[in-house]
Amino acid sequence: MTLEIRVTKATPAPAQALARVVFEGEQEATGGASSEFLRLRRFQAKPGEAVVMPGEQSTLLILAGAGRKETLDAEKLRRVLAEIVRSAWDCESLLVDLAGVPLLPDPNEMIAAAAEGVLLASYSYGKHKTDPRPCRLGSVSFTLGDQGPLSEAEADAAIERASVVAQGVNLARDLVNDPAGDLYPQRFCELAAEVAQSVGLGVEVWDEVRIKEEGLGGLAGVGAGSARPPRLLKLTYEAPGTEGTPPLALVGKGITFDSGGLSLKPAGGMETMKTDMSGAAAILGALSAMARLGVRARVVGILALSENMPSGSATKPGDVLRARNGKTIEVLNTDAEGRLVLADALSLAAEQNPAAIVDLATLTGACVVALGRDIAGVFSNGEGIGSQLKAAAEAAGEKIWPLPLAPEYRSHIDSEVADMKNIGAPGQAGATAAALLLAEFVGEVPWAHLDIAGPARSHEERGYQHKGGSGFGVRTLVRLASSLDPAAL
Ligand code: BES
Ligand code: ZN
Ligand code: ZN
């Protein structure tokens, strides 16, 4: 169902649910609920808190906490709206009173964040349930007071942009949530081609024969054990007037299922490994949003799609693979497959003479140990791309944190028989070892690697995140493409 979001400064039409935003210390002024009721209910107006009570004529009145007024920012507002949507899940219409909410410092950004909160929170993945119970909201209105210079037309435009981005995130979530039995490399390419067709992206697909012909030994080696063959998918977006300019290259790990291969994972470790194509999914989601927004940029997406399966034809520990750029990798653990497929995809990206390369990959459990499930690790070979990516992520409300591409640890991936091996020193700097291997394939191009093994999947219902694929990275990439400054790389 489509959800329409509007703003209104006039008296709005009545809705099934009315939501008010309450700041800490202002619980008194919440028309409809006595402060004694709120005290008994232990409502403190912390961010993420919501109280639902009967409103007029069988409607819901929702009081949503937002913390201290002076600390409100775009990300907190996203979460406030998410809590409101969760409380109004079965209502068809919702009115959110934003008249007393300071939309600072940038009212357009704050309205966009509110809309994103609504659209990301109202997502659900129900296609395999008999009774899916999706969010029933069809219309959400924000009432604005005298919020400075923001006109209704400007607010509508901000909401429109936010919904395009949120649809990109939700597309990525759908792809991650699809079972690996349904979404294998070839199917991913078919879906991507449909998306590309509808938004206006270029598509090129290489099958397993072409993959070998083109010298993509990493991707061919990882795909060797599967009944479903690998694919290399190239997506292109070119805004008018950007022809011939160096593109931004986006590279995605697209392992549609990671069993570990012959270095088989234990059963528990495999349960969520349909998630291992989240980097690829985020790039497709982001590119579809960029095209629909008409972002002024030239972007190529290179997605390495494969299953990682054990079989009689699978790559074995000790095998040596030759990547696209000619470098060789000794495979000592077939479960460290992401870096093998990325070696080829990054080589191809570097051949495009791009302004910069950014890759997204659910690459290492070590990164989850270091930064947990909410924060992605970021490695870069230059200050410029690292700081531009950090700024884009911050503006988008996604958390990334720098980890070192430490040359002192390059020896951890030295191999006795090849140019490098695909594992580092046991128990030491595992995320860095993986990143150091990737660095061998980008040449001199400014490059940043996002290890999204933690945040690609949400393990709980929290804020605007639902259990399952999070769509992490889509919002950051759209920002980066919109704001990339080639002179500062
Ligand atoms: N896909 C996994 C990484 C991963 C782990 C993603 C947990 C999301 C959650 C990756 O292919 C992998 O298995 N990496 C190994 C590397 C090791 C064998 C050097 C790991 O992290 O254990
Ligand atoms: Zn693996
Ligand atoms: Zn993997």
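Ala 429 is partly exposed, with a relative accessible area of 32% (buried is under 20%, exposed over 50%, partly exposed in between, using a 1.4 Å probe and protein chains only). Its phi is positive, near 45°, though it isn't a glycine. This is a predicted model, where local features need pLDDT of at least 70, side-chain atom pairs count only at pLDDT 80 or more, and totals for chains, interfaces and linings use all residues. Residues are numbered from 1 along each chain as written, chains are lettered from A and ligands numbered from 1 in written order, and side-chain values use heavy atoms, without hydrogens or water.

- Most residues other than glycine have a negative phi, and most peptide bonds are trans.
- Ala 429 sits in the loop between strand 16 (420-421) and helix 13 (430-439) (helices are DSSP runs of H or I, at least four residues, and strands runs of E, at least two, numbered from the N terminus).
- Ala 45 also has a positive phi, about 65°, but Ala 45 is buried at 0% relative accessible area.
- The Leu 104 to Pro 105 peptide bond is cis, with omega near 0°.

**The zinc ion (ligand 3)**
- Its protein donors are Lys 253 (NZ), Asp 258 (OD), Asp 276 (OD) and Glu 337 (OE), at 1.9 to 2.5 Å (donors are N, O and S atoms within 2.8 Å of the metal, or 3.2 Å for Na, K and Ca; water is not among the atoms, so sites may look incomplete).
- Asp 258 bridges this ion and the zinc ion (ligand 2), 3.2 Å apart.
- Lys 253 lies in strand 9 (248-258) and Glu 337 in the loop between strand 12 (328-330) and helix 10 (338-351), so the pair ties together parts 84 residues apart in sequence.
- Both Lys 253 and Glu 337 are buried.
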